[in-house]
Amino acid sequence: MSHAAAFRALHHGRVPDDPLVLPGPWDAASARVFAAAGFPALATPSAGVAASLGYEDGRTPADEMFAAVARIVRAVDVPVSADVEGGYGLAPKELVERLLETGAVGCNLEDSTDEGLKDPAEHAEWLAGVREEAGDRLFLNARIDTFVRGVQDPGAAIERAAAYVAAGADCVYPIAAPVAVLPLLRAGIQGPVNVVARPGEGPSPAELGGLGATRITFGPGLQRQAEQAVREHAERLAARLGR
């Protein structure tokens, strides 16, 4: 079985309290740590990778993001999905080719830009083009940005989810959806649903699974926890040196 097929299979047949948990490595070293801990697959966070490369979230040049993903993929033997933001303005064919060159088995693709939410019909058409080019070689996780863009009506997310699933998305990701609406989203969405969790805070992955999450990712949360740990070590070292 290919890595892509194995990754897709991980999303199906799960019981509610056992969602697929995908840690988010930001570099090769963190990827090795998560893989060694026994996680069956990983999903890079664009914001965490950006921080590791010295960029603000959303400002990483495409070439550097793809190169970072390739280093992460090379470092581990488990499948890796890549957050490639809005696709960097690439046509579906080039986007798929570049993702496959990294060795990634899937991708996150978001439906907003700096200007706001994309037209859902146009975005669905673009996703359909990505699916056509990728075939079954990539797992497409369609991020839905309604909640982060101030649209709190769950119906708007459900409508976009339906369009994206019809276009060929394997999973949808209503990022920042309030916990209280997760059962409603689950009832209205066909197929797997990605929910973001905050490490050490809020509902546990098992609890989120019970509310409707098929898979759990952490955004840049794990990278930020690691950065905080390094900051604390640096402050203790500086204090010992009298600085």
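Q: Why does Glu-97 count as partly exposed?
A: In this predicted model, Glu-97 has a relative accessibility of 38%, and because buried means under 20% and exposed means over 50%, Glu-97 counts as partly exposed.

Q: What makes the contact of Lys-93 and Glu-97 a salt bridge?
A: The side chains of Lys-93 and Glu-97 meet at 3.2 Å, N to O, and since the cut-off is within 4 Å between a side-chain nitrogen of Lys or Arg and a carboxyl oxygen of Asp or Glu, the name applies. Both residues lie in helix H5 (residues 92-102), four residues apart, which is about one turn of the helix.

Q: Why is Arg-143 called buried?
A: The relative accessibility of Arg-143 is 15%, and buried means under 20%, so the label follows. Its salt-bridge partner, Glu-110, at 3.4 Å, N to O, is buried as well, with a relative accessible area of 14%.

Q: Which parts does the pair of Asp-170 and Arg-8 tie together?
A: The side chains of Asp-170 and Arg-8 meet in a salt bridge of 3.2 Å, N to O. Asp-170 lies in the loop between helix H7 (154-166) and strand S8 (171-174), whereas Arg-8 lies in helix H1 (residues 3-9), so the pair ties together parts that are 162 residues apart in sequence.

Q: Which residues are linked in a network of salt bridges?
A: Arg-8, Arg-131 and Asp-170 are linked in such a network.

Methods:
Residues numbered from 1 in each chain as written. Predicted model: local features only at pLDDT ≥ 70, side-chain atom pairs only at ≥ 80, totals over all residues. Heavy atoms only, no water. Helix = DSSP H or I, 4+ residues; strand = E, 2+ residues; numbered from the N terminus. Buried < 20%, exposed > 50% of the residue type's maximum accessible area, 1.4 Å probe, protein only.
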